[in-house]
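Hi,

Here is the structure I promised to pass along. Have a look at it first, and then read on for what turned up.

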Amino acid sequence: MPLAASVLIDGPSELVFDYAIPDHLNVLAGCRVRIPLRNRPATGTVLRIGEAPQTDFDLRYLTDLVDPEPLITPPLLKLAEWITSYYGTPLEQVIRSIIPSSIRGEKTSAKTRRAAVLVNPPSEEELATLAKRAKRQHQIITLLSVSDKPIPITDLGGPSASASLKTLSEKGWIKLIDLEVRRDPDANETFVPTDPLTLNAEQAEIHQTVVKSLNSDKPTPILLHGITGSGKTEVYLQATRAALDLGKNVIVLVPEIALAPQTVQRFKARFHDLVDQTAVLHSNLSQGERFDEWHRIRAGKARIVIGARSAIFAPIKDPGLIIVDEEHEPAYKQENPPKYHARDLAVVRCHLEKCTVLLGTATPSLETFQNTQLGKYQLAKLTERADGASLPLTRVVDMRIESKKHKGRDAIISDILRTSIDKRLEDGEQVIVFLNRRGFARSLQCPPCGHVIECNHCAIPLTYHRADERLVCHICGHQAIVPRLCPNCQDPAIRFQGYGTEKAETILRKVFPTAKIARLDTDTTRRKNTLRDTLRDFRAKKIHILLGTQMIAKGLDFPNVTLVGVLNADLSLYAPDFRAGERTFQLLTQVAGRAGRGALAGEVIIQTSTPHSPSIQFARHHDFNGFAAQELDVRQQFSYPPFTHLALLLARSSHERRAEFTLQTLHRKIAENLPDEIILGDPIPSPLTKSHSQFRFQLLMRGPNARVLSHHLNKVLRTTPTPEDVIVTADLDAYDLG
Ligand code: ADP
Ligand code: ZN
């Protein structure tokens, strides 16, 4: 029986077929191959190799290898298999995530330009003749003979030199070649080299822990819990140097694209000697840039990879250190299948490749914190700000009182915040204003009848965006014209409720007419580089007030920012999610951490209608341990993570009844032979009852063991047929609870 390869065929339908492997080819999992497909030649990626399956027809042979080197390293293949068994996602889907389509397909390729190189220099005599008879040819030869690299023909006179180049190459003196040019995402950036700082005592101790781990063959993950401004980045940088010195390579994950430019800047400045060996991978790259960066990594030309979530799959060989910055960030969880968590994969990959994982944050996720309590991870702490600064003083403003003062009008900026901003601006300092909602008004409501304008496809109100004079759905993007009369009762009294960043910007401009104000949210950063440029201008003090959503909440380091205002701290607190309190605590602590990072003392003003909620009070006192103790207590009582793993099962369909019925059927099947340890919740409508024109129903399962949970659930999903028009998805260790 010959061996067979399962091949994921390139192309939009992403089919998987088996092919027999000819004896003379050394085909490995992860290799690119040529195959016949309905009598046409096609290409694909080998998913796995095994005994040829029993079929009643002969398997066709694959034709050839596109490239003998597999696209995926053996440890990454193991990681893929781990994901398949843990999350229950089919291997082909996992491989699709690991190898970007721009790499698998053949649409994108290396960029080349014609260049000339000297191969066989002419003799002195011949050169002298050239100097007399053919000036141009002589010039070209002289230039090439002093260059140790090929020279692009555009630099040798371009089209006007083509005749001379042709003659020279016919004489065998030079050769014309296709030179690969790198599409460098940071081609227009400059990086001023920086020297390592002298570590303070706490940093030095952590550095020692990391170095010890780098030299160990059974490293334990390390949680670096350092308050905001405690100098975690310096620890990352020196740990990276230590790993490089051992001949190992490094991956640095950042949760959000907003943080990528600053991290890239800091790493490329510090590792200036290796600037050409640093690669970046994130969603803001063009296909060509991604192609080049990815191939540089696979070819071993990059030793440091900085990227967002999916960079955990960077095909780097021999990683010694994986850094996960802001490990608590939900952005590490992928919301499409495979619904992996990049931080958790970092831990798994480190286990597979025996490398060190360093999880850094000022507000550890309770999952990670609990792992340190159980001794699974080491805990390292930075308890003071690195440059001697102290944590900002935080004031909480009760907006219920404020809105009474303003006779019920939407109070957006309290008197206290206004006075403080005024004072900071006068002193030449900078201000960050945080509001976690974009758009102008939250919703459009008719006071007489109470009708709220909702999206036709989703069960949420449409948000008013004044810049393009439209109502927009923040779930599906549906747009609508702003009605003049209430569509329900025809009353013209219909008006906007609540506010988002766009309105806050208008108000700020009115209140502070001479200040330079910039806004950063998903609406303003659609254009490539807006984010990077705005942050750069803010750093250069060309902007006085930076207003933004959670995009600006964390990680950014601007020493001249002395005041952070939080316009509405309650936005994340009342989400129907057991993590709402944790999210709010994290967000407030992080955003507060942007203030007073330099020599100047910082101040934070939090506006809220629930000033006594524990998340706000613990954040105000920078008290992570207090928060964790009380929150863990609640989680334990109700068997929520980190004391259990959680799986969310969602059924959605445009037919409400069918979605509901399908979920009820699955619920019944799950209840049969349910392992004792699993708590099975009832099927209920999701908190977001409708989205993208589909009705949504869900149930939660919890259990102490993720695999038991996942295996039981996936077995039911595999064996229970569901109607074609109902989409069923499972999410293990879910963050988004519908
Ligand atoms: P974090 O990431 O923990 O919030 P950063 O790494 O941004 O903090 O560091 C905050 C500031 O402290 C930066 O301006 C950094 O240059 C400075 N810093 C870090 N380590 C030291 C040190 N050992 N000595 C002096 N300054 C330091
Ligand atoms: Zn919608």
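Before the ligand, one cut-off: a polar contact here is a pair of N or O atoms within 3.5 Å. By that criterion, a polar side-chain atom of Arg597 makes such a contact with ligand 1, sitting 2.9 Å from one of the ligand's oxygen atoms. Keep in mind that this is a predicted model.

Two further contacts go to ligand oxygens. Gly229 uses a backbone N or O atom, at 2.7 Å, while Arg266 brings in an N or O atom of its side chain, at 3.3 Å. Overall, the protein covers 79% of the 560 Å² of accessible area that ligand 1 has on its own.

What does the shell around ligand 1 consist of? It divides into 4 nonpolar, 8 polar and 6 charged residues. Of those 18 residues, Thr198, Gln203, Gly229, Lys232 and Arg597 come nearest. Helix H8 (residues 232-245) supplies the largest share of the shell, with 3 residues.

Now the sheet. It is open and built from 7 parallel-paired strands, in the order E11-E12-E10-E13-E14-E9-E15. Strands E11 (278-281) and E15 (378-382) are at the edges with a single partner strand each, so one side of each has no neighbour in the sheet. On average, neighbouring strands are turned by 15° against each other, direction ignored.

Cheers

Terms used: Residues numbered from 1 in each chain as written. Chains lettered and ligands numbered in written order. Predicted model: local features only at pLDDT ≥ 70, side-chain atom pairs only at ≥ 80, totals over all residues. Heavy atoms only, no water. Pairing = 2+ DSSP bridges. Helix = DSSP H or I, 4+ residues; strand = E, 2+ residues; numbered from the N terminus. Axes fitted to C-alpha atoms, helices over the stretch in contact; angles between N-to-C directions. Near = heavy atom within 4 Å. Polar contact = N/O pair within 3.5 Å; in protein donor to acceptor, adjacent residues only side chain to side chain. Areas by Shrake-Rupley, 256 points an atom, 1.4 Å probe, with all protein chains shown as cover. Nonpolar A, V, L, I, M, F, W, Y, C, P; charged D, E, K, R; others polar.
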